[in-house]
Amino acid sequence: MHAYALVSPQAVFALESAAALHGLPLFGEARDVHVFDTGRSASTRYGDVVVHTSRDAPAIEVRDGILATTALHTAVALGRVLPPAFGLAICDAVARRGNDDLAGFAELIHRQADRRGRRRLRWLHERVDPQSESTGESVSRAVIEWLGFADPELQHEFRYEGKRDRTDFFWPDERVVGESDGYGKYDSPSLEEAKARLTDEKQREDRLRRYVAGFARWDWSDTMRAYPLGNKLRLAGLSPRHPINSSALQSLRWNPRSL
């Protein structure tokens with residue numbers, strides 16, 4: 001994208017290309033560079049550069065000297081075309097920024113003439129939550145719903161033994177805690193610091209287990225395969241309350257917009 005911006009400095013980046021400039025989640029390597037051109041009557045392609053047009057002109061801003069659609073317009077555009085769980089992760093990421101980027105989400109959907117993916121966008125709008133603190137947590141929320149489990153509380157705080165512990169997910173009726181593991185939190189250039197982080201996490205988990213009825217921990221692989229996540233929730237003491245949405249779970253298999 002930076003190379004393309006050098007030869008086309010007036011290009012307005014959109015979709016996955018804008019998401020990369022905004023630091024939003026990406027799922028796989030995007031197949032193309034995406035730009036928007038309000039002067040065209042129809043979309044076209046030049047090699048791996050796709051030039052888009054639409055009756056709905058997006059809001060544009062400058063990111064590090066490069067033109068791109070705003071985070072809100074990028075989230076809406078990707079929400080129309082990405083598998084729903086991935087779209088939710090992008091919308092949650094925008095919401096986490098603590099500004100009003102998503103305040104106009106419903107209004108923008110209603111205002112736009114493009115009706116593609118309108119149902120999917122409504123699904124996203126009903127579920128977006130800034131308390132999902134990572135891409136893994138966002139995708140996990142979608143999978144948990146599609147597996148038929150009740151919606152959990154996000155970032156529930158426990159105060160025991162003089163400590164304050166936040167959990168990714170908590171089901172208060174069953175008193176079950178769920179944790180979506182991103183192993184990056186244990187990374188450190190210092191071996192001693194990495195060991196300290198692992199020790200702290202182990203002590204935290206042991207402390208929580210003393211006061212809850214069940215504890216489930218899963219990683220990205222479990223989430224993407226869905227059923228391993230479901231098995232861990234069952235072993236922790238949860239039972240599905242709704243039928244499995246198999247067709248929605250199948251959307252996790254691949255991202256058609258990535259290599």
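**Figure 1. Four strands of the predicted model form an open sheet with mixed pairing, in the order β7-β8-β9-β10.** Two strands pair if DSSP finds at least two bridges between them. Strands (E, at least two residues) and helices (H or I, at least four) are DSSP runs, numbered from the N terminus. The edges of the sheet are β7 (153-160) and β10 (214-218), each of which pairs on one side only. From one strand to the next, the twist averages 45 degrees. This is a predicted model, in which local features need pLDDT of at least 70 and side-chain atom pairs count only at pLDDT 80 or more, while totals for chains, interfaces and linings use all residues. Residues are numbered from 1 along each chain as its sequence is written, and side-chain values use heavy atoms, with hydrogens and water left out.

**Figure 2. Strands β8 and β9 pair, and two helices pack on the sheet.** Three bridges join β8 (residues 163-171) to β9 (residues 176-180) in the antiparallel sense. Phe170 has Val177 as its bridge partner in β9. Helix α8 (residues 191-209) packs on the sheet and touches β7, β8, β9 and β10. The direction of α8 makes about 70 degrees with that of β8. Helix α10 also packs on the sheet, where it touches β8, β9 and β10, and its direction makes about 165 degrees with that of β10. Axes are lines fitted to C-alpha atoms, for helices over the stretch in contact, and angles run from 0 to 180 degrees between N-to-C directions. Contact means heavy atoms within 4.5 Å.

**Figure 3. Leu229 is a residue of helix α10 (residues 227-236).** Leu229 counts as buried because its relative accessibility is 0%. Buried means under 20% relative accessible area, exposed over 50%, and partly exposed in between (1.4 Å probe, protein chains only). Neighbours within four places in sequence aside, Leu229 is in contact with Ser140, Val143, Ile144, Leu147, Trp218, Asp222 and Thr223. Between Leu229 and Arg120 there are 109 residues of sequence separation and 24 Å in space, C-alpha to C-alpha.

**Figure 4. Helix α6 (residues 118-127) has buried residues.** These are Arg118, Leu121, Trp123 and Leu124. Their cover includes the helices α3 (71-81), α4 (84-95), α5 (105-111) and α7 (135-146).

**Figure 5. Strand β6 (residues 66-69) is joined to β1 and to β5.** Strand β1 (residues 12-13) runs parallel to β6, with two bridges between them. Phe13 has Ala68 as its bridge partner in β6. Strand β5 (residues 60-63) runs antiparallel to β6, with four bridges. One of the bridge pairs is Arg63 with Ile66 of β6. The hairpin of β5 and β6 has two residues between the strands, and Asp64 takes a positive phi near 55 degrees there.

**Figure 6. The whole chain has eleven helices and ten strands.** The C-alpha atoms fill a box of roughly 65 × 45 × 30 Å along the principal axes. Of the 259 residues, 49% are buried. Among contacts between residues at least 6 apart in sequence, 58% join residues at least 24 apart. The chain exposes about 13500 Å², of which carbon and sulfur atoms supply 49%.

Methods: Accessible areas come from the Shrake-Rupley method with a 1.4 Å probe; for residues, only the protein chains shown count as cover.
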